[in-house]
Amino acid sequence: MIELTSLKKRISAWIDERYEISNLISYMKKKSVPKFRATFWYYLGGITLLLFIVQVVSGILLLMYYKGTENLAFESVQFINTKVYFGWLIRSIHSWSANLMILGAFLHMFSVFFLRSYRKPRELTWYTGFILLLLGFGFGFSGYLLPWNELAYFATKVGTDIVKQVPFVGHYFMVLLRGGEEVTGATLSRFYGFHVAVLPAIFTVFLTAHLMFIQRQGIHEPEDWKNKSESERSYMPFFPNFLLRDLLLWLIVINILAILAVFFPWELGQKANAFAPAPKGIRPEWYFMFMFQTLKYIPGKVWFIDGELLGIGFFGIAGFLWFMLPFWDKRTKIGIRNKLLNYIGIIVIMFIIVLTILGYVLE
Amino acid sequence: MKKIIYIVALLFLVIGINQVFSKKKPIIVGDDLCENCHLTLEDKNLLPAQAYATDIHKSKNITCADCHGGDATTYDMDVAMDRNRGFLGVPKPQDRMKMCIKCHSDEKRMKRLGSALPTDQFKKLQNSVHGQPSSNNRGYIADCISCHGVHNIASPGNPASTVYATKIPALCGNCHSNANYMKMYNHKLPIDQVEKYKTSLHGIQNSKGDITVAQCASCHGHHDIRTAKDPKSSVYVSNIPEVCSKCHSDAKKMSKYNLPTDQYSKFVTSVHGVALLKKHDMSAPSCNSCHGNHGAVPPGVESISNVCGTCHNLNGEMFSKSPHKAAFDKEHLPECETCHGNHGIMPTTDNMIGTGSETTCIKCHDESDKGKGNEYAYEMRRLIDSLKADEKNVLSLLGQANALGMDVADAMFAMKDIRQVLIQTRTCIHLANFRVFKETLQPGFEITKKAAIEGKNAIDDYHFRRTGLGFATIIVTILALSLYLKIKKIEKVQKEKS
Amino acid sequence: MNSSNHIGSPESPKKGRREFINYLLGGSFAAWLISIVYPIYHFLEPPKVEEVKVSNLKVGKVGDMEKESGKIVKFGSKPVLVVRTAAGDYKAFSATCTHLDCIVQYRKDYGQIYCACHNGRYDLNGRNISGPPPAPLAKYNIAIKGDEVIVFKDES
C-alpha cells in the first residue's frame, strides 16, 4: 500500500516536472463558482459539452460500420441497428444525444441571456457560443440525411430548397449543398463529409476558444452582486466541488441517455426513394420546426416580396440581432438593469415553443 | 329505182327482225339501248346484260353506261362504244371499285336513290386487312366485287346474293381455303377454317340453311375485317366475349336452340373474365380458348381436364392421375367443372375444401360416405387452416419482434416459403392423395416452428437489453450516490478547516 | 501542493467510513466503466454475419457448380437463382416466380427454369415460355473475378 502510494507520487512528480500539472490544479482550486439560486443553470454548458463528447465517441464508433453511399447508407444503418452487437444502442444514443445536445445548447443560451452573462468582458464567449449553436444545427441537418430514409430525404429536399430562395446566390448555394440540382447520392456524400470532417474541424476551433475564454475569465457573477457586500456573496470552489457535482450530473445524463436509447429506440423508417411520392408528415428535426412552421404561415406574396424570402430574411435578421446582443445591449454593458431584454427573451421563447407545438399538433 | 331501194330495205328489216326474234330467250326491250343490244349478243357479251336483269341496281335505274360509260342512246356500236366519248369498257382492276364508291360513299346520292344503306363501307375496307394492295399491285387484296360480285348484285338478305348467310363460308373459302393463294399474303394463316367450320355446330346449322347461326362475317365483321392480333379487331382476344354474346346473350335468338343466355354475364365476373377484361391479361382465356372458334363445340365431359389443363397443366395432370378421374367419368361428371364451375368460375379459396356446407367435397363425400373421403376432406382443411393460422401467428410474433427493433429478417425470409408450400399443397389437392398432401404441407410446419423460435429468441434478447440497462442503472445509482457522499464529505472537511 | 491531503487526510477521525466511501466510489466507478466499455468492445467486434453488400454477392468458385445445375442464393433479402449452363456459363435471375411468388428452380431434364407450383417455365434468358408466369424473371448480372463468381445487380 505504501509502495503504491509512493509510486503514485513518483509518477505525478514525473508528470508535474514536465507539464506543471500542480499549477493547473492550484489554478482550478482558486477558481470559484458563485453560489446562488440560479447556480443550477451553470451546469448546462457542462452538460452540453458532455453530450458533445458522447456524440464524438458514438459517432466515431458508428463510422466503423456506416457507409456513406446511396446504395448502402440505409442498409448499413440497418445493419448497425440489427446485426452489430450493441449497434442499436450506439446508434440510438447518437441520435438521442444529438437532440439533447441541441436542447442543452438552447437552454444554456437562454440561461446566459437571462443572467446577462454575455456582457462585457464576455462578448466573445457569446459570439463563439452562438456560432457553436449554428454548427450544432449544421450537424443536425447533415446528420439527419445520413440514414438515407424517406423522411430525411424529403426533409432535406425541402430544407435545401429554402436556401434557393435567397436572392442572387441562393441557387448557387443550393447546388453547392446538394452537389447538383437534386438531392441525390452526391448530396449524401457531401453531407457525410460535412458531418464527419468539415463541421467537427470548425466546431473544435470554436469550442476550444469558447472553453478557453471561460477558463481565462472565470465564471460570470450575478449582476446584482456588484451592489452586495463580500459577506453576502457565497462561492463554491471549482475544484473539486463544482467539478465533482458536474461529474455527478454527467453520470445521470449518461444513464438517461441509455434509458432513452433502450426504451425509445430511434426509428429508421423506409429507405429513401427519389421516385416515390413524398410521404405524409415530412418534418425537419424538432429544432427547425418553429422556422418551418413560420414559413408555412407567411403568405405566398407579401406586397411584392416572395413570402418564403420574407421568412428567410426575418430569421436571418432576427438571428443576426440575437448574435449581436452584447453589442446593442448598451444598458447592461454599463451595469443598468435592462428589463426590456427579459420581455424580449420571454417573447422569443414563447414564439419558439408555440410554433414548435403548432408544427407538431397541426400535422 | 326508188321502189327497189325500199324493197331491199324492207327485206333487210324483215331479216333483221327475224333474226332477233329467232333467239329463244325473252327479250325485254327497255330504254337502255346498251342492254337492248347486248341481250341480242352471245356468251360474254350477253351474260352481263342477262344477269343485270335481276340486279338490285337495275331496280334503282342505274344503267350500264353509269358504270361503263358510253352513249346509251344509239345502236351504232362505233358511236355507243367510242372511247373518245367516254366509253370505259371493262374497268381496270384498280379502277373498278371507283364505280361503286361513286354512289356508295355519297350519302346524298344514296338518299336520292332511296337507299338507307350506310356509306362508310369503303372507308372501313381501306382500314381492313383486305384493303391492302394486292400482290400484283392492281387494286386491293379483296374489293367490293370480290365478295358482292358484278351485274348480279343483290342485298345480303336475298338468297340470290353472293353474301347471303349460307353462302358466306364458301365465299370466304374461295381465297382462305386456297393454300397457294394465301401464301401470297399470310403464309402462316391456316387454311382449314372453312373445313373446321363445317364440323362446328354453327357450320352444321348453317349448311342446313339456318341463317341465325354465326358464319364468318358474324364474328369477323365484313368491310372492316382486321387480323385477330389487331386490338381493334372484333376477334381480338379481349373482344371475343362481346362478339359471342351478341347472339348468345340474345334470348330471342337462343330460344330456338334451347340454350341458356347467361354465359357472358357469368364470364365477365369470373376469374377469367376479370383477368381478361379488367386486368387486360391477354393470356387469360376467352370463349374460344375452351370452345374453339371455327370448330366451335362445347368441350365434352371427359375432355374438360384437357381443355383446362392447357393452362392449368399441373392441376390437369394431377387430376388425371387421381382416383377422381375414373369416378367422375363413371358418373358423367364434368371433371374440373364439377368443383370449379364453368363460365362463372371464381377464384379458388380454401373454403372449397373440407366438410362444411359451402365446400365442394361434400357434394359427393357427405357424412354418409362409406370411404375415407369425408374424413380426408376434413383433415386436409384442418391442416391447411392450421398452417395458415401458424403463419399468421408467427408473422405477428416476428412483427412484434421487428417493432421492438430486433432483427428477424432471416426468419421473415424463411417465412416467404410458407406461401409456396400453401400453393403447392393446394395444387396437390387435385391428386386426391392424402399421403402426398401431408408430405407437401409438412415442410410448412417446420418452417413456422423454426421461425417461431427465432422470433421468441429475438423478443427474449429484447428483454435481456432491459435487464442489462437495469444493471447499469443500479451501478450508476451506486456510483452517483457514493460520489454524492464524497462531495458532502469533502465539503464538510472544507467547512471544518475554514 | 499535495492535493490528496486535502481530500483524505490519514489523520481524519472517521477514517474507516471515509475509506469505505473511497472503495465504494472506486469500485462502482470501475463497474460503471465496465458497463460502458462492454458494449463498446462488443460493438467493435465484427458481427458473425457477413456485412451487408446488397450490390454484390460472392457465390463461390467457377468450378464449384456443376454444368447444367442451379442453386438459390440469398441476395440481401431476395432469393436469386444462379444457373450454370451446359456451356459452362453462369447466369443469375430473381428466383421469385412472376406468377405467384414461388421459388423457381433449374430443371436439368428440361434445360429450363421451372416453377413447381404451376408448372411455369422460363428459358435460360429468364423469358417466360410456358405456363402461367406473366412476365420474365428479373435478371441479375454475373461477374467472374479470377475464379470467383459474383452476382451483382445493376443499380442504374
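What percentage of the 156 residues in chain C is buried? Buried residues come to 35%, where buried means under 20% relative accessible area with a 1.4 Å probe, protein chains only.

## Ground rules

This is a predicted model, where local features need pLDDT of at least 70 and side-chain atom pairs count only at pLDDT 80 or more, while totals for chains, interfaces and linings use all residues. Residues are numbered from 1 along each chain as its sequence is written, chains are lettered from A and ligands numbered from 1 in the order written, and side-chain values use heavy atoms, with hydrogens and water left out.

## Chain C and its confidence

Chain C has two helices and 10 strands, taken as DSSP runs (H or I, at least four residues, for helices; E, at least two, for strands) numbered from the N terminus.

On pLDDT, the predictor's per-residue confidence from 0 to 100, chain C averages 78. Helix H1 (residues 3-7) of chain C is lowest at a mean of 43, and strand S4 (residues 90-94) of chain C is highest at 88.

## Where B meets C

Here 26 residues of chain B are in contact with 26 residues of chain C, contact being heavy atoms within 4.5 Å. The pair buries about 2500 Å², meaning accessible area (1.4 Å probe) lost on being put together, summed over both. B:Phe413, B:Lys486 and B:Lys489 supply 22% of what chain B buries against chain C, more than any other three residues.

Terms used. Buried < 20%, exposed > 50% of the residue type's maximum accessible area, 1.4 Å probe, protein only. Buried area = accessible area lost by both parts, 1.4 Å probe.
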